Amino acid sequence: AEAASVRVLCRFRPINSRERREAVEANKDPEEMICKFIDECNVEIFQEAGLGSKKYTFDRVYPPGVPQRDVYNLAANDTVVQVLNGYNGTILSYGQTGAGKSYSMFGADISDQDQKGIIPRSGDHIFRHITQQSNPDIEWSIRCSFLEIYNESVNDLLARGAEHENLKIRESPDRGIYVQNAAEHQVQTVEDIVTVIQIGDSNRAVSSTLMNAVSSRSHTVLMIFVQSTNRRDQSKQEGKMCLVDLAGSEKTSKTQAEGQRLAEANAINGSLTTLGQCIKMLAEGDAKHIPFRQSQLTRLLQESLGGNSKTTLLIACSPHPFNREETISTCDFGKRAKAIKNKVKVNATKSVKELMAIIDRLQIQIKGMQQFIGLQKTLIEWYKANCETPPTVYVPTDKDLQLLMDGKQIGVKGEEGQEGPKPEMDEEEKDQVSYGAVNDASVRIAQLQSQLDKERENSRMMKEDFEADISALERKLKSGNFEQSEQENQTEMKPSQDQSYEMKLLKAERDALKKQLKIAMGEEESSEYYYEEDEESDEKIKLIKAQTVNIGGKKVQELKMKIEEQNNQLTQLKQEAELFKQTSTEEQNQMQQQIQELKNDCNRLRGISTDDFIEDDNMDEKTILIHQMEKEMKQQREAILILKQENSMSKFMQQRVDQMSEKYVKSQAKVLELEEQLANSEIFQQVQKLEKQLSMKTQELATFNQRINISDERTAHLNQQLTEVTQQVMKLRKDKQELIQQKNEDTRKLLQDFELQKQKLQENVLSKQKIYKPVQGTNVAQTLAATNPEILAKLKSFKARWVEDEQ
Ligand SMILES: Nc1ncnc2c1ncn2[C@@H]1O[C@H](COP(=O)(O)OP(=O)(O)OP(=O)(O)O)[C@@H](O)[C@H]1O
Ligand SMILES: [Mg+2]
């Protein structure tokens with residue numbers, strides 16, 4: 001990984017009509033600017049009167065009016081090239097609301113040649129590169145995803161619906177930071193990218209503010225994944241381009257935000273503050289405690305800010321005094337970001353073929369070294385035996401080393417197939433030559449040999465582990481079947497199509513196990529790593545086990561037999577492997593010894609030939625012998641090569657196992673970390689608090705219910721009382737009615753009596769009138785009263801009672 005600073009570019013937009021109006025209202029020059037453009041990298045900003053000015057240096061400063069094309073060329077061109085080469089690249093725009101972030105990233109019109117911004121231009125560049133590239137073996141695949149962070153919720157802009165909102169940001173050793181379940185659209189042309197942007201844009205949260213007619217109220221992140229696959233060896237590279245248009249920071253007092261707009265502004269300002277904090281701490285080098293997790297934005301940008309990405313920050317500013325404070329704070333932000341250094345690396349996966357090629361090369365190198373050492377030793381021996389002067393040792397030239405590396409043979413004197421003393425050795429070289437070199441190399445070979453032995457031992461142990469795993473799993477399977485065979489007598493056979501389904505399931509499980517083993521042994525090329533995967537496969541195993549119980553008996557028997565058969569094969573293979581392991585080391589050593597002896601013989605004979613050969617009668621015989629020996633040597637060398645290749649396979653397997661266990665350890669640590677974070681997190685504490693509140697409320701509810709019960713009883717009681725009272729009232733009413741009737745009856749009788757009496761009296765009076773002169777001015781009643789006061793009193797009292805009753 002190489003270190004790369006965050007690149008910061010500062011763009012000023014032209015003065016806008018609102019700023020002009022403000023200036024005119026304040027009786028100031030509407031065209032006044034607060035910045036002086038010193039050169040292409042330096043800008044000076046004037047503070048309020050009396051406070052002097054601040055100077056800033058950025059990777060580039062763009063004054064108002066710089067065309068979109070120029071901005072692209074510096075801001076994004078390199079990044080796209082890097083992404084095409086398998087690196088991660090990020091471009092993000094930051095600044096006050098209305099300062100020109102969206103204008104720079106998307107442009108006023110994404111389809112217009114002049115108006116379009118960085119994102120559509122990046123798409124152009126990527127597809128131009130792909131269509132122009134000349135390597136026919138490279139296959140390209142481009143995918144896009146488009147997300148927004150609105151009020152701290154990560155939403156998919158390419159898919160609608162509740163399940164595409166509030167997505168989770170996750171991290172895995174293979175993929176780094178990623179958004180779970182984010183839609184990815186495959187794009188074939190630059191027009192496809194434009195469509196993706198248009199779809200996303202129509203789903204985006206925007207509203208108008210006093211400062212910007214179309215203000216972005218969410219942060220948007222467009223990701224372009226550029227994958228290239230080499231058809232020849234299946235090696236892959238994937239670059240990820242992350243294009244971020246941040247929502248603008250704003251002073252809510254200035255924009256007069258209220259209600260939902262205020263909530264949005266607060267969420268935006270909150271995440272931007274966290275972004276600022278992260279940048280500050282990264283710049284200060286305090287890499288341990290960066291609060292990336294405090295906001296969704298910083299979590300998503302974690303790699304762009306503190307990890308594997310080449311990052312460009314475009315800060316957008318206004319040049320007008322009306323926005324002086326915001327412009328200065330934006331520039332301060334940019335200045336801090338410039339100090340961040342990321343570590344970037346290519347995201348490449350080597351194919352099995354590539355890895356094998358590397359191993360082959362290394363094997364050949366070892367072989368070459370051994371050959372070289374053997375030759376050196378022989379030479380020294382010979383010199384010792386034959387020369388009085390101190391022997392010089394051959395030091396290989398670069399060319400010789402290359403020959404060795406390429407697996408070619410070199411002659412005793414260094415050149416391939418060439419004999420005779422090495423001529424080109426100058427005095428200085430001779431001085432460097434020593435026995436030490438030979439010894440060092442021997443030590444190195446011994447080291448390599450012991451390493452090889454260790455690896456062989458490791459892979460043996462690993463193989464044993466795998467076998468143990470397999471037999472455990474097979475036992476599991478058997479025990480599942482056994483449960484079944486007990487049930488056989490009780491249950492009917494299921495229809496045959498069911499059985500074949502079950503058989504399929506069983507087969508799937510066996511395949512999955514085989515695949516696991518393959519992956520572990522490095523035969524399977526790559527396995528994507530998810531934390532959830534284990535849980536999932538556990539679930540599957542459970543399901544399969546549950547279903548296994550229902551399988552028909554015959555099939556179980558068949559399977560048992562099959563497993564038995566496989567077990568036998570396995571044992572046989574194990575025995576063979578054991579035997580092979582034991583013999584291979586010995587064989588190898590023996591062969592090496594033999595080679596050494598042969599070499600010695602060979603060289604001895606060669607040595608003799610240079611001195612005494614000419615007079616020797618047995619020359620032909622010796623030549624044949626040498627020839628034979630050399631042939632034998634070659635055969636044995638080949639045998640060693642094969643053995644070593646086998647060893648290298650086990651080394652490769654070991655590497656894969658190491659990688660996997662490393663991944664496992666990492667993911668375990670991650671899980672622990674996440675658990676700890678969860679326990680410490682505010683949400684968790686809030687949940688606990690809420691749970692406490694809930695239990696209190698439940699208690700309250702119980703008491704309340706009790707009370708309701710009590711009051712229910714009382715109500716029933718009261719109701720009963722009420723019924724009784726009502727009945728009494730009704731009875732009383734009835735009584736009253738009867739009384740009234742009685743009285744009415746009495747009255748009627750009285751009235752009748754009265755009428756009778758009256759009649760009698762009248763008759764009396766009339767009869768008396770005949771005798772006496774009528775009394776003047778009196779009526780009948782008066783007369784009656786005068787003559788009969790008793791009746792009158794009765795009448796009065798009766799009348800009074802009657803009136804009372806009527807009432
Ligand atoms: N460099 C520029 N040249 C011409 N016009 C510009 C420039 N930058 C911005 N504008 C104009 O200014 C207005 C506001 O710009 P833009 O929408 O890009 O702001 P923003 O920073 O994205 O704001 P917000 O944070 O509110 O989304 C737009 O009408 C845009 O066309
Ligand atoms: Mg915007």
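Predicted model: local features only at pLDDT ≥ 70, side-chain atom pairs only at ≥ 80, totals over all residues.
Residues are numbered from 1 along each chain as its sequence is written, and side-chain values use heavy atoms, leaving out hydrogens and water.

**Helices H2 and H3**

- The axes (lines fitted to C-alpha atoms over the stretch in contact) of H2 (residues 68-75) and H3 (residues 77-84) come within 4 Å and cross at roughly 45°.
- On the H2 side Tyr72, Asn73 and Ala75 meet Asn77, Thr79 and Val80 of H3, with contact meaning heavy atoms within 4.5 Å.
- That H2–H3 contact divides into three nonpolar, three polar and no charged residues.

**Around ligand 1**

- Ligand 1 is surrounded by 17 residues, and the closest are Thr97, Lys101, Tyr103, Ser215 and Ser216; to be near, a residue needs a heavy atom within 4 Å.
- A polar side-chain atom of Thr97 sits 2.5 Å from an oxygen atom of ligand 1.
- From the backbone, a N or O atom of Gly248 lies 2.9 Å from a ligand 1 oxygen, while a polar atom of Ala99 is 3.2 Å from one.
- H4 gives the most to this shell, with three residues.
- The shell divides into five nonpolar, nine polar and three charged residues.

Key
Chains lettered and ligands numbered in written order. Axes fitted to C-alpha atoms, helices over the stretch in contact; angles between N-to-C directions. Helix = DSSP H or I, 4+ residues; strand = E, 2+ residues; numbered from the N terminus. Nonpolar A, V, L, I, M, F, W, Y, C, P; charged D, E, K, R; others polar. Polar contact = N/O pair within 3.5 Å; in protein donor to acceptor, adjacent residues only side chain to side chain.
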